[in-house]
Amino acid sequence: MALKMVKGSIDRMFDKNLQDLVRGIRNHKEDEAKYISQCIDEIKQELKQDNIAVKANAVCKLTYLQMLGYDISWAAFNIIEVMSASKFTFKRIGYLAASQSFHEGTDVIMLTTNQIRKDLSSPSQYDTGVALTGLSCFVTPDLARDLANDIMTLMSHTKPYIRKKAVLIMYKVFLKYPESLRPAFPRLKEKLEDPDPGVQSAAVNVICELARRNPKNYLSLAPLFFKLMTSSTNNWVLIKIIKLFGALTPLEPRLGKKLIEPLTNLIHSVGAGRGADRAVSAVLISLSSGMPNHSASIQVRPARAGASPPLKYLGLLAMSKILKTHPKSVQSHKDLILQCLDDKDESIRLRALDLLYGMVSKKNLMEIVKKLMTHVDKAEGTTYRDELLTKIIDICSQSNYQYITNFEWYISILVELTRLEGTRHGHLIAAQMLDVAIRVKAIRKFAVSQMSSLLDSAHLLASSTQRNGICEVLYAAAWICGEFSEHLQEPHHTLEAMLRPKVTTLPGHIQAVYVQNVVKLYASILQQKEQAGEAEGAQAVTQLMVDRLPQFVQSADLEVQERASCILQLVKHIQKLQAKDVPVAEEVSALFAGELNPVAPKAQKKVPVPEGLDLDAWINEPLSDSESEDERPRAVFHEEEQRRPKHRPSEADEEELARRREARKQEQANNPFYIKSSPSPQKRYQDTPGVEHIPVVQIDLSVPLKVPGLPMSDQYVKLEEERRHQQKLEKDKRRKKRKEKERKGKRRHGSLPTESDEDIAPAQQVDIVTEEMPENALPSDEDDKDPNDPYRALDIDLDKPLADSEKLPIQKHRNAETSKSPEKEDVPVAEKKSKKPKKKEKKHKEKGRDKEKKKEKEKKKSPKPRKKKHKKEKEERSKGRKKSKKQPPGSGEVAGEPVHNGAPEEEPLPVRGTSAPPPHTCDVRGSLQEDSQVTVAIVLENRSSSVLKGMELSVLDSLNARMTRPQGSSVHDGVPVPFQLPPGVSNEAQFVFTIQSIVMAQKLKGTLSFIAKNDEGATQEKLDFRLHFSCSSYLITTPCYSDAFAKLLESGDLSMSSVKVDGIRMSFQNLLAKICFHHHFSVVERVDSCASMYSRSIQGHHVCLLVKKGENSVSVDGKCSDSTLLSNLLEEMKVTLAKC
Amino acid sequence: MQFMLLFSRQGKLRLQKWYVPLSDKEKKKITRELVQTVLARKPKMCSFLEWRDLKIVYKRYASLYFCCAIEDQDNELITLEIIHRYVELLDKYFGSVCELDIIFNFEKAYFILDEFLLGGEVQETSKKNVLKAIEQADLLQEKTETMYHSKSFIGYKKAY
């Protein structure tokens, strides 16, 4: 052993340490990868050694490599090994490595649970500290659930250092395990008034973060925070509190008024310091959300004039917040904001853009968009340009095109935007075009003319290098031209444009739309020709179709191919009929009859269910394999496809029809079968040459437009000005006149209610409210919340009293049955609960008793020693241990006292003594880390008036149980307690025991020796005690489900035994609680006065009990996989029961 | 705060701390992307930028960039203040800190950060307390280290 160690330390001298590694990497700049792989090999060797120091060194190096981007997940297990080292140096490194490299997917993470639990309860605050810090980085839902209770306990730790860490980490725990919020909240709230400022600020942090997500649950805390705000001097805390109020005020307007005064005070007091304007804007930003604070905007302006970039940015940010409440005060800064658009910093430009969004009105929309358009032209860098584009569209389309007074202008803006090179937002423009064309009826004619010219110049769009983006516009163009073909001026021309060979280079889904709309167009041309009696013309069109369609039939895109071949056949058929002089136009156009009406996206949902209609009732009994209800939208689509060739049903269900169309459109857009084929580059090259020679853009359109060629939006601005001018002049006759002037100015809703002078009447109106919603639509906006919001789970009412079922699981073992019978899960939990109140009572009683005794004694004699025991048991994996410590008369007084959070049992064992030893409390925890090890944590409390030091604890080992001593010390050496105790102070020491067999109870004798020092001098004192490990203490409360329980009993490999106790008057309920409490059983099932109970030993023995209560007696039948254990257990139980 | 990165002007990562669990792949991707974006920015530009749905707050100290990602509602200025405070802490601990200090004692840099921030929230606003905690932990470390050495020394004696 010693040799090995020497060898280890010699080896270590040859190992690289971190510094060497770093230096090495820096010296191997050229072949870094090679050097590192060599290092990793060395590290792997080092990890194989037993010496923990070598391992820690290796892990430390790995952590560095991880940062450089090398994968170290293979070493996860070694990291855990280092984490569990007892030396703080190594533990620290282990936890650091874990916090850097572990994540939720790391599978070994579950192995850490017990190690972490052990470290959390370590006597050294720094051990606990590193464990908490590490845990905060890699906490998973499982870890959160298992450790929530331990962390909660730490929130009341004696050291503020631990308290604040525990408080902060609770936030992470809440996120991962929301059930813990309610039980932990009262304690969290307490921490707001913690004497330590660090803990207080931690609590403020946590509550602020929680409240930000779900403010309404935290309103009741407002007074407390108000007090904190006025009393605290810590700026960090203040900012958090203000932020919290920012979230609360929208819910409670009165709060806003109350806050004004303290806030203004704050602003003024902070304003004096060096970071004056910084702090001011920090405060402003936090508060401006929802506070009636006008001074805000006044303050921001100087901040922005100061114009260091961060402040400029924040000024803009603050303005956007103020904008929501005080739009007027921001609008006056329009020029400044537009200036910011020229800033070379993108973040500032983007912020300014955001502001513009909120600033537009009917009046200035055109002007602002015009400015933006010039920026679009100037902008370098596609990201910013794209951002501009989306912003333009956002600005224009916001609140249902509220600010657009002239849709012709808008369409021409959209068309101008199509000339942007390399934008990714073609689909956005397309969607806008479709939306406007469909919803604004009056604009259709204009839109169609624009679209047809777009189609005409399609080759331009399609041939640009980044074709994928903008050519989406053609999708909209083709559709609009087809659908509203009656508005086309030169349908024939457009038809030819759509049938050009170059169209085949477009992406598949666009081609498909082309094909479909070619037919629509064709149908309308046919009708025109036939009405005009031009049979030859009609035939010529048909011939054109027959000639050109085959190019689509050959398409590689299935959708295109299918549609094209279908239509080709149809057209051929028509050709035959035409040859026979049969009029076909009527029938062909019937294919596309029916008007398209816009429907709001949520309209369907909002149709109220008529009375007497049960939507859930089956109309027919379901077929065995029928489609589910959910598929309805699709079904609608299919059905619609089938009947399309037929004549449209009566006008009566026009709405229904519209919906189907919408569905069809949707379907086309979303259809996953529209595989977007990209034609081979070769082909593209063949098609593209000579683009420059093709005359484009400046086509003279013979549309009755005021604008020749492709209208420039600028011209609309002028026009619009004129229009407004006119409006003013002829205020009264305005409407009629304008209708004549701009025919498109037909408004659907004849008159607007009382327009002020400010208000400018739009030229066209968007249909929405009236038509797109069904009658008596329900004004609902539910389901707007994102169900995936991780914070939603924390939306918990915290003022409700805590229900039993919500208490934190103290110790839960996952067992196989969990998934099988979860519905019974609450049985053991509820059982546990019942113990709690009792314990508390007891605690109080004891405390009272202790005090009395103490007083008595103090009168009698010298300092009164007392030993108090706290016991707490923690099982890890499968370890549990109960210990009671006894002290022989003559030394001190031991009083057991039940401890925090329902940790297991306690036997009060008051013993009194004569001398003056330190009282202590002990806290026992099983440890998981190594087989059959138990940690006994003893809290030593000095109740005497002397200072106690040099404490040593020695225990006489038995064959079965052994105290683990530091390396190198002999069996008879005591284990030193690493602290001193001044009078009235308590501290915790931990000792580890190894237990071989658990089938029998154990008693260990021990002595605590110490030096008591007071004014009169120092005396050596001793305190004997006995540690009692009962069999029950090896049991772990394990929930069991009745099905699993039954199986266990049936298995037959359990031995049996029974006891009977007479003279019991206690109620059965209490009796069971007692058994659960003292012997760690859980109730599986209870029927009348009969109950089955279950528990498991740390070594995996199953113990089943059947408890029956007779008149005055109780019988307990037990089955267990080990007969000795069972009989010992039953003996212990008999003692307990006899006391009842 | 979601994460904190320290990187040099050459784009070498010097420290990374993630307060949200992400896979290594994502971390690497984010790091690469951010380092590029931040390094491309000119000195006069403002210290905040919007990136995905987060806000990035960065500041350059000598050759090192300190870069934090915060959520939309978080306060940028306080984040700058946090960065500054961290730099002050490093400075106090190492005594006028330079990049090399952080490279060679990266674990210390982490320990300091861990004492200052926990789970992305400020844990201790007092500089003094943070440094005290670190000093004491270091002391503890040295103690156990010397203990370790002395023990191996005893073992050595016994072996002979």
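Lys28(B) sits in helix 1 of chain B, residues 24-40. Helices here are DSSP runs of H or I with at least four residues, strands are runs of E with at least two, and both are numbered from the N terminus. Before I go on, the conventions. This is a predicted model, in which local features need pLDDT of at least 70 and side-chain atom pairs count only at pLDDT 80 or more, while totals for chains, interfaces and linings use all residues. Residues are numbered from 1 along each chain as its sequence is written, chains are lettered from A and ligands numbered from 1 in the order in which they are written, and side-chain values use heavy atoms, with hydrogens and water left out.

Back to Lys28(B). Its relative accessible area is 40%, so Lys28(B) is partly exposed. Buried means under 20% relative accessible area, exposed means over 50%, and partly exposed is in between, with a 1.4 Å probe and protein chains only. The areas come from the Shrake-Rupley method with that 1.4 Å probe, and for residues only the protein chains shown count as cover.

Lys28(B) also belongs to a positive surface patch, together with Lys25(B), Lys29(B) and Arg32(B). Patches take residues with over 30% relative accessible area and no salt bridge, joining like charges within 9 Å and nonpolar side chains (Val, Leu, Ile, Met, Phe, Trp, Tyr) within 5 Å. Lys and Arg count as positive, Asp and Glu as negative, and His and the chain ends are not counted. A charge is placed at NZ of Lys, CZ of Arg, CG of Asp or CD of Glu.

There is a nonpolar patch on chain A. Phe77(A), Met110(A) and Leu111(A) make up about 310 Å² of it. Leu111(A) is in the loop between helix 6 and helix 7 of chain A, and is partly exposed at 42%.

Next, salt bridges. Side chains of opposite charge can pair when their charged atoms come close. The rule is a side-chain nitrogen of Lys or Arg within 4 Å of a carboxyl oxygen of Asp or Glu. How many salt bridges does that give over all chains? The count is 32.

One of them pairs Lys91(A) with Asp119(A), with closest N and O atoms 2.7 Å apart. Lys91(A) is in helix 6 (residues 88-101) and Asp119(A) in helix 7 (residues 112-120), so this pair links distant parts of chain A, 28 residues apart. Lys91(A) is buried, at 3% relative accessible area, and Asp119(A) is buried at 3%.

Which chains does the next pair join? Glu124(B) and Lys164(A) form a salt bridge at 2.6 Å, N to O. Glu124(B) is in the loop between strand 7 (121-122) and helix 5 (127-159) of chain B, and Lys164(A) is in helix 10 (residues 160-176) of chain A, so the pair joins two chains. Both Glu124(B) and Lys164(A) are buried.

A salt-bridge network links Glu209(A), Arg212(A), Lys240(A), Glu71(B) and Glu121(B).

Thr505(A) is in the loop between helix 30 (491-498) and helix 31 (508-532) of chain A. Thr505(A) is buried, at 7% relative accessibility, and its side chain reaches the backbone oxygen of Lys502(A) at 2.6 Å. Phe1025(A) is in strand 11 of chain A, residues 1017-1029, and is buried at 2%. Its C-alpha atom is 6.1 Å from that of Lys1005(A), 20 residues apart along the chain.

Technical notes
A polar contact is a pair of N or O atoms within 3.5 Å; within protein, one must be able to donate a hydrogen and the other to accept it, and residues adjacent in sequence count only if both atoms are side-chain atoms.
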